[in-house]
Amino acid sequence: MIKIKNDKEIASMRIAGSVANTVLKEAAAFIAPGMTTKEIDDYAGERIKAYQAKSAFLGYRDYPCNICISVNEEVVHGLAGPRRVQFGDIISLDVGIRYEGFIGDNALTVAVGGCDPLSQKLMDVTEASLYEGIAAAKAGNRVKDISRAIQKYVEANHFSVVREFVGHGVGKTVHEDPQIPNFVEKGRPSPKLKAGMTIAIEPMVNAGVAQVKVLSDGWTVLTKDGKPSAHFEHTVLVTNGEPEILTCSEKIPSSLKVS
Ligand code: MF3
Ligand code: CO
C-alpha cells in the first residue's frame with residue numbers, strides 16, 4: 001500500500017528532511033584524513049542530538065550505528081569502526097533522521113581531500129543520475145520512468161547500477177512501498193506516481209560490475225570486483241508539478257538552527 005501524505009505530514013517530512021540534509025552536509029565537512037569511521041559516526045550522532053532528532057537507522061533491524069559510512073568498494077550500509085580514512089578515499093555517507101515521527105533519508109559520496117579521476121567521474125555521474133531520476137518523479141509518471149532515467153544516464157557513462165538494493169517510499173518508517181529500482185526490468189510492477197507520495201531515490205553506482213556481496217558483518221555491501229562505488233540519495237515529494245526535494249538543508253526552520 002502506497003501512502004499519500006497530507007499537508008501536515010508533508011510539513012513534518014520537510015522538517016525531518018531538512019535536518020537529515022543538514023547533518024549529512026555537516027558530517028561530510030567533518031571528514032579529514034586519518035580519522036576513524038567511528039569518529040565520523042560519533043560526530044553525526046552528536047549533530048543529530050543537537051537538532052533534538054533521532055537516527056532513523058540506529059536499531060532499525062538491529063543496525064548498530066548512527067549513520068552508514070561506506071568506503072571505496074563498500075557500496076552501502078558500511079559500519080563505523082576503527083578503519084582510518086585516507087587521502088584519496090571516497091566515502092559514502094547515508095543519514096536517516098526521525099523528527100516528530102517522520103523520516104528524512106539522504107546520502108552522498110565525498111572524496112577525502114581529493115581522489116583519482118575515475119572516482120571523481122563516478123561520483124559526478126552518480127549524483128547527476130539522481131537528478132535525472134528526480135526529474136522523472138512527477139505525478140502521472142510511473143516508478144519505472146525514474147528507474148529508466150537513472151539507468152540510462154549511468155550506463156551511457158559506462159558505469160553499472162546495483163540491482164540488489166533499491167530506493168523506496170519513506171514516511172513514518174524508513175522503508176515503505178513502493179520500491180524504486182535504479183534499473184528497469186520486464187514484468188516488474190511499476191505503480192503510477194501520485195501527488196503526496198514521498199520517496200527516497202538512491203542510485204548506487206559501481207565503477208566495475210553491478211554485482212555486490214555482503215560482508216561477514218551482515219551489513220556492509222561491497223562490490224564483487226573490489227572497484228569503487230558511489231551513492232547519492234534524496235527524499236522527494238511527488239507533486240502535480242515539479243518534484244520537491246525534502247532533504248534540503250535550506251528548509252530548516254530557523255528555530256532549529258543550532259551551532
Ligand atoms: N538509506 C538506506 C536504505 O534506504 C539506509 C538503511 S540503513 C539501515 O536502505 F540501517 F537502516 F538499514
Ligand atoms: Co534510503
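## The cobalt site

Donors here are N, O and S atoms within 2.8 Å of the metal (3.2 Å for Na, K and Ca), and water is not among the atoms, so sites may look incomplete. With that in hand, the donor residues of the cobalt ion (ligand 2) follow the sequence spacing D-x62-H-x33-E-x30-E. The model is a predicted one, in which local features need pLDDT of at least 70 and side-chain atom pairs count only at pLDDT 80 or more, while totals for chains, interfaces and linings use all residues. Residues are numbered from 1 along each chain as its sequence is written, chains are lettered from A and ligands numbered from 1 in the order in which they are written, and side-chain values use heavy atoms, with hydrogens and water left out.

The protein donors are D105 (OD), H168 (NE2), E202 (OE) and E233 (OE), at 2.1 to 2.2 Å from the cobalt ion (ligand 2). E202 sits in the loop between β9 (198–201) and β10 (204–206), and E233 in the loop between β13 (229–231) and β14 (234–237); the pair is 31 residues apart and links distant parts of the chain. Both E202 and E233 are buried, meaning under 20% relative accessible area, with exposed over 50% and partly exposed in between (1.4 Å probe, protein chains only).

Why is the arrangement around the cobalt ion (ligand 2) irregular? Its 6 donor atoms subtend angles of 65 to 164°, which makes it so. For six donors, octahedral would require opposite donors over 155 degrees apart and all others between 65 and 115.

Strands (E, at least two residues) and helices (H or I, at least four) are DSSP runs, numbered from the N terminus; two strands pair if DSSP finds at least two bridges between them. Of the 10 residues of strand β4 (residues 90–99), 9 are buried, so the rest of the structure largely encloses this strand.

Antiparallel partners of β4 include strand β1 (residues 54–55), joined by 2 bridges, with S55 opposite I97. Strand β2 (residues 68–71) also pairs with β4 in the antiparallel sense, over 4 bridges, and S70 has S92 as its bridge partner.

## A three-stranded open sheet

Elsewhere, 3 strands make an open antiparallel sheet in the order β3-β12-β11. Its edge strands, β3 (74–76) and β11 (212–214), each pair on one side only. β11 is joined to strand β12 (residues 221–223) by 3 bridges, and V212 has T223 as its bridge partner.

## Helix α3

At the start of α3, a side-chain oxygen of D116 comes within 3.1 Å of the backbone nitrogen of L118.

Conventions. Four donors count as tetrahedral if all angles lie between 85 and 135 degrees; four count as square planar and six as octahedral if opposite donors are over 155 degrees apart and all others between 65 and 115; anything else is irregular. A polar contact is a pair of N or O atoms within 3.5 Å; within protein, one must be able to donate a hydrogen and the other to accept it, and residues adjacent in sequence count only if both atoms are side-chain atoms.
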